[in-house]
Amino acid sequence: MNETTLLHRQIHPSWLRYDGDPNTQAFKPTRKDNGLLSCYDGDLITAGDSWKHYTGQLMLSSVGAVSVTVSECFEQELPVIPDPSPFPEHVLIDFRGLTRREIEQKADALKKAATARGWTFGPVAQP
Amino acid sequence: MLRTCHSQAGASQWEAENPGVPHPLDVAARLDELRAMQDGWLDGDGIAPPHDGLDWLAGTFSRCYSGTVPLPRIYPTEEGGVRMEWDHNANVIILEIDLSARAGDWLWFDRNSDSYQERRLDLDDIANWQWMASEIGDKISERQ
């Protein structure tokens, strides 16, 4: 993994805007995440295969994947931590220790970067 | 009556292009959609917004939200609340509403500077809706 590596983020259907882009909540850790946003290491897995793993093996909901680079995380002063314990491609973006405002601002910046890049897989039609 | 779109022209165009589908900024329709949510909606986590809270918000929004400023996008929150977002150019406004407390956490920030503003708002107080209308009008001046 280097600064140009894409980190694939799965998008829950509730985080879709009406215009088809993900909203900022897709880039904020949830309570169970304890400040650590889960992604896939794009050097180890494609966006499409990450979606298949997330929905097919982990049995979680995703309409597709969008991606940010490691560099874009660093620009927001967000550390990127490989975490192969659940599966080899697992990577964490570290939001720990930030205020609500800081989390919103940094998540917004990641969303802007990801949406400028476009979907790296999907979005797939929902049943 | 609750307004259903930022403008009549916008509503008409949407209806023509998407017959039978509520406009995405139709606040009443969006809040109604949230009634269908169940606990666990976020892959096992996620609290469903309480129906009495949604009733309160729909009624309060209808009575108190200014007719002269853009409507928000609406999303559920993991905690069983409602999130309203306004986004225009560099300006982002987020209001996360606690339906039980009938209060909202307001955040505005400018993407191009360090400027921001945070407030806790009692949403049963119409003065706070008037204040929000003024802020939204200043910062989100054009249609989203």
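Okay, let me start with one pair: B:Asp105 has B:Arg120 as its bridge partner in strand E5 of chain B. Two strands pair if DSSP finds at least two bridges between them.

Before I go on: this is a predicted model, so local features need pLDDT of at least 70 and side-chain atom pairs pLDDT 80 or more, while totals for chains, interfaces and linings use all residues. Residues are numbered from 1 along each chain as its sequence is written, with chains lettered from A and ligands numbered from 1 in the order in which they are written.

Back to chain B. Its 5 strands make an open antiparallel sheet, ordered E1-E2-E3-E4-E5. At the edges sit E1 (73–76) and E5 (116–122), each pairing on one side only. From one strand to the next, the twist averages 15°; axes are lines fitted to C-alpha atoms, for helices over the stretch in contact, and angles run from 0 to 180 degrees between N-to-C directions. Helix H4 (126–139) of chain B packs on this sheet, touching E2, E3, E4 and E5, at about 155° to E3(B). Contact here means C-beta atoms, placed from the backbone, within 7 Å.

Now chain A. Again 5 strands in an open antiparallel sheet, but the order reads E3-E1-E2-E5-E4. E3 (65–69) and E4 (80–82) of chain A each have a single partner strand, so one side of each has no neighbour in the sheet. Neighbouring strands are turned by 40° on average, direction ignored. E1 (6–10) and E2 (36–41) of chain A pair over 2 bridges, and A:Leu7 has A:Asp41 as its bridge partner.

What lies across E1 and E3 of chain A? That's helix H3 (100–117) of chain A, at about 115° to E3(A). H3(A) has 18 residues and spans 26 Å from first C-alpha to last, close to the expected 26 Å, where expected is 1.5 Å times one less than the number of residues. Its buried residues include A:Leu110 and A:Ala114; buried is 20 or more other C-beta atoms within 10 Å of the residue's own. Their cover includes E1, E3 and H2 (70–75) of chain A, plus E3 (91–98) and E4 (103–110) of chain B. After H3(A) comes A:Gly118, with a positive phi near 90°.

Methods:
Helix = DSSP H or I, 4+ residues; strand = E, 2+ residues; numbered from the N terminus. Contact = placed C-beta atoms within 7 Å. Buried ≥ 20, exposed ≤ 12 C-beta atoms within 10 Å, placed from the backbone.
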